[in-house]
Each structure stands twice: as C-alpha cells, then as structure tokens.
Amino acid sequence: MKIQSPHRFKERILLFGGGGVGKTTAVLSILRHTDKGKAWIIDNDYSYAYSRALYTEFSDIDPDRVEVIEVDADWDECVEALARVITEGDPEHDWLVIDPFSPLWDYVQSWMSTKVHSADLDEYVVNLRAESADIKSFNKELSEAMNWPVVNRVWTDKVLKPLRKWKGHMLLVCEAQQTGKKDDEELKDLFGHLGLKPAGQKRNHHIASSNILLSKSGHGEYRMTT
C-alpha cells in the first residue's frame, strides 16, 4: 500500500534513540510506502546498515530510488556529501537523510582542533589536561582554545544553512543522550519527562518540525514517542 501526505508542506523529522530501536527500518519504511521521490542517505555509521537492509529486508525497494552516500567520520566528507544532495536532489519529491546526524557536531570540533592546533581533538584535550594545574584552569583553557564562536559559525555555514536551503523532505537520525542538570530549561521542558534527548549540538531539535524518540520494550515491541 502506498501513502501520500494530504499536506502541501514537506516533512522535517528528527528520529532519535539507542541501538536496535528501528531507526534504519523507519527510514526505509517511509520509502517503501511512498511512490514518488528518492532517498539521498548520507551514511556515516560503521555498521553499513542501509547496504545490508537493501539487500535483505528491503530488497523490494527499487535501487534507483535510493542513493546511499557512504562517508567516513570526517567533517569535510560530510559537508561535501550534503552539498551534493542539495545540488542534485529534487526537493519536490526527494528525501534528504543523514544517519547518524549527531556525530557531525564532534566532527566540526575535531576539524577545528586540527586546523588550529595541528592535532586530533582527543589528543589535544589529553595533552591540555596533562599540562593544566587543575580542572578549573583546564576548562578555562579548553574553552578559549576551542574558539566556540568560530566553531558555531562554521557549523551554521556548512550545515544549518544548507539544511535550510533544502526545501524537500528531511530526516535526521540521532543517537539518544540522557538529559541532565546542566541542560537549559527548554531542553528540560521538551525532553525531561523522557529522560533522553537527541545527542549532538544542543539545538538539533530546532532543525526538525517533529522530534520522535524510538524505543524498544520487550521482544518485538517498538514505540514512537513525539
């Protein structure tokens, strides 16, 4: 059975959850039950879940309707893949999918660290901590070294602006992260009752119109919570 939205607007959805809750299945199920458009999937996961699923459970999907762009855990590769989809995709019918989306926030920080300090972010943080007198001075030096205004500017220019430019359907897939005391009031209001929030940049939930937590409780019992 094919379905079609009665609305003229395009969907902008963020799915988040732990492993094995059906995120890949949800993405491909949308494609299976729609009769128009193509899914452009920027896949930077280690499991290659889409390639596997398209040869097994979802082998009925026309291969011409799926473009899986496999990228490494690398900021430049992800940015280039996103730019390609914006250029080549058809916003009238196509879906832009980034799975997972959360790590891109880590990638831009690593990119910044390499550009400024000529070192991987993890390596730089470890060395900085070893050289710091105490945790307070370490946090201060790290904040200054990361130059957050520049990081946020790069994030806006290379991710947020292209996603805003894309006028078609969009589906971002994020890992789930526990909510905590340091979250701002908005995050607490939105996700506090769930105990989980989308991982990555703290404002990721603003990119989508619908934020959906996928979870699994018991054998074969899957849930979606908006």
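Helices in these legends are DSSP runs of H or I with at least four residues, and strands are runs of E with at least two, numbered from the N terminus. The model shown is predicted.

**Figure 1. Overview of the predicted chain.** Eight helices and eight strands make up the secondary structure of the chain. The chain has 226 residues, of which 41% count as buried. Among contacts with a separation of 6 or more, 70% are between residues 24 or more positions apart. The accessible surface of the chain is about 13100 Å², and carbon and sulfur atoms account for 50% of that surface.

**Figure 2. The largest cavity and its lining.** One cavity of 30 Å³ or more is present in the structure. The volume of the largest cavity is about 40 Å³. Its lining consists of Val-27, Ile-30, Leu-31, Ala-39, Trp-95, Val-97 and Leu-171. Helix H1, spanning residues 23-32, and strand S4, spanning residues 95-99, each contribute at least two residues to this lining. The greatest contribution comes from H1, with three residues. By residue class, the lining of the largest cavity comprises seven nonpolar residues, with no polar and no charged ones.

**Figure 3. The largest pocket.** The space within the largest pocket amounts to about 660 Å³. It is lined by 20 residues, and those closest to the centre of the pocket are Ile-3, Gln-4, Ser-5, Thr-34 and His-169. The lining of the largest pocket includes six nonpolar, eight polar and six charged residues.

**Figure 4. Strand S7 and its two partners, S1 and S8.** Strand S7 (residues 210-216) runs parallel to strand S1 (residues 12-17), to which it is joined by four bridges. In this pairing, Leu-15 is found opposite Ile-212 of S7. Strand S8 (residues 222-225) is also joined to S7 by four bridges, but these two strands run antiparallel. Here Ser-215 is positioned opposite Arg-223 of S8. A hairpin is formed by S7 and S8, with five residues between the two strands. Within the turn, Gly-218 has a positive phi of about 85°.

Figure 5. With residues up to four places away in sequence set aside, Asn-204 touches Leu-14, Phe-101, Trp-155, Cys-174 and Ala-199. One of these contacts, Leu-14, falls within the residue range of S1.

**Figure 6. Phe-191 in helix H8.** Phe-191 belongs to helix H8, which covers residues 185-191. With a relative accessible area of 5%, Phe-191 is buried. Apart from neighbours within four places in sequence, the residues in contact with Phe-191 are Phe-16, Thr-179, Leu-196, Lys-197, Pro-198, His-205 and Asn-211. The C-alpha atom of Phe-191 is separated by 9.9 Å from that of Thr-226, and the two residues are 35 residues apart along the chain.

Note on methods:
Residues numbered from 1 in each chain as written. Predicted model: local features only at pLDDT ≥ 70, side-chain atom pairs only at ≥ 80, totals over all residues. Heavy atoms only, no water. Buried < 20%, exposed > 50% of the residue type's maximum accessible area, 1.4 Å probe, protein only. Contact = heavy atoms within 4.5 Å. Areas by Shrake-Rupley, 256 points an atom, 1.4 Å probe, with all protein chains shown as cover. Pairing = 2+ DSSP bridges. 1 Å grid on protein atoms, 1.4 Å probe; cavity = no way out; pocket = protein on both sides within 12 Å on 5 of 7 lines; lining within 4 Å. Points joined across faces, edges and corners; volume = space filled by probe spheres on them. Nonpolar A, V, L, I, M, F, W, Y, C, P; charged D, E, K, R; others polar.
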